[in-house]
Amino acid sequence: MRKYLKAAVPILLASALLCSCKDNSAAGKNALIDEIVSQISAEDAAAAMNDEAKSVTTTAPETTSEVQISSELTLGTNPPSSEATDPVQLDPVDMDLTQMNATMIYSIIYDLMVKPNDYYGKSLIVDGYFDTMYLDEFQTRYFFVVVPDATACCVQGLEFKLPDDKVYPDDYPEPGTDIRVRGVLGSYEEAGQTYAYISADQMIVK
Amino acid sequence: MGDLAAKLQLYFSYPFVWYALIVGLLIALCSSLLGVTLVLKRFSYIGDGLSHVAFGAMAVAGLVGLTNDMYIVLPITVISAILLLRTGQNAKINGDAAIAMISVGALAVGYMLMNVFPSSANVTGDVCTTLFGSTSILTLKEADVIVCIIMSVIVIAAFLLFYHKIFAVTFDENFMRAAGVKANIYNLIIAIITALIIVLAMNLVGSLLISALIIFPALSAMRVFKSFKSVVVCSACVSVFCAGVGIFTSIMAGTPVGSTIVVTDILVFFIFCIVSLFTRRRSQ
């Protein structure tokens, strides 16, 4: 018996080698977001703002959530000291990422991008810095709240969409500005891919 | 205290935190088992060398455009491990020189390929993630956890099954050969297991910190215990404890996972050093 077991171990090891090949397709999708965020820094944001401000209309897909949050937008100024403007105080959310540390926020957003189905319809609030990019291919401008990890070498960009009446660049801050976004997680299809986003009803410049 | 418990409860409501804990503890256990053998065979730095090989292989996989880089990373790492461990003393370039050569060579080639042929726009992020683990351990999926459990079971089973042979090959390979036992086969098994653990551990602490997982628990245990068996058992306990404390601390304090585990290992090593001072005085 022991002899057979010894013979089986190298075979099992070889099997383990083959089985351990993990699927990185989700990471690839995640890399697209990273790439998008990275491309933004290379763009001349100011020039893009002027070119597209007139033509871009942001399409906010229907949210799958039943959660109702007050549709209030605070931009360009620091939030008043009144507690009423603090989204946390307004209404409890399913996931308050502002109360978590960098490691957990980064991990949750990564998980959210990889397994969006687990999070659809949940309300959340997240802090990060604002970034945006325009893709000629889809004639669409994308907005992100970008969250770095604990080592500060990796970032996760979570797309958000404000209501249709908010126009870029007037209703949005400069890229790199610290923001807080509150909304409900939804998804949309583009070029055969499903993407998660925050259907945001509130963005505060911190 | 109540806040801390509530926070802990909230964090552990996310499955990926459980995955990180399970995988972290299993990798720590496996690496410590083999760590004792590698330290005693004067191959403490093989973890570093092989992880750099894996880093270089990842860059090659990115260059080829494979969605699953493990198809390249694992075979290359295993072959390198076999070459380093099996050639032993008969090779023209042996021991630490061979490891150093492969280590820095693979690191340099990997970094160059990543920069010349970047697979994503965030090269710095990719390099940082691979070298320091970043938050990789907190981004595992169910499939990764299952693979890790299977491989850990195989590693532990192989270690227990070949315990006596590994013991013999660790202390006196020549005597083993003289006794008619094929030492090369056991060196091969050790090499394959080492490569498996290193590729797995890259998710946990990153390629620069893997050596710490292998050597610190073994060295800590050697401060206090003297027999092979007791050192292995103590090393496993220390490694699992440090990984657990490191992951908990990292999740709660927001520190990088890999370096937190290694810092915990270092602290435990110093504690064991102090304990060994007391025990030596008593025995004298």
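Modeller: Two residues are in contact if their C-beta atoms, placed from the backbone, lie within 7 Å. This is a predicted model, in which local features need pLDDT of at least 70, side-chain atom pairs count only at pLDDT 80 or more, and totals for chains, interfaces and linings use all residues. Residues are numbered from 1 along each chain as its sequence is written, while chains are lettered from A and ligands numbered from 1 in the order in which they are written.

Colleague: OK, what is A54(B) in contact with, leaving aside neighbours within four places in sequence?
Modeller: A54(B) is in contact with V73(B), T77(B), I198(B), V199(B), M202(B) and S207(B).

Colleague: Switching topic, at what angle do α2(B) and α11(B) pack?
Modeller: Helix α2(B) and helix α11(B), residues 210-224, pack at about 70 degrees with their axes 7 Å apart, where axes are lines fitted to C-alpha atoms over the stretch in contact and angles run from 0 to 180 degrees between N-to-C directions. Helices here are DSSP runs (H or I, at least four residues), numbered from the N terminus.

Colleague: Parallel or perpendicular, then?
Modeller: That angle makes α2(B) roughly perpendicular to α11(B), a label for 65 to 115 degrees, whereas under 35 counts as roughly parallel, over 145 as roughly antiparallel and the rest as oblique.

Colleague: Which residues of α2(B) meet α11(B)?
Modeller: Among them are A28(B), S31(B) and G35(B), and they meet residues of α11(B) including L213(B) and P217(B).

Colleague: And α2(B) with α7(B), at what angle do they pack?
Modeller: They pack at about 25 degrees, with axes 10 Å apart, and are therefore roughly parallel to each other.

Notes: Helix = DSSP H or I, 4+ residues; strand = E, 2+ residues; numbered from the N terminus.
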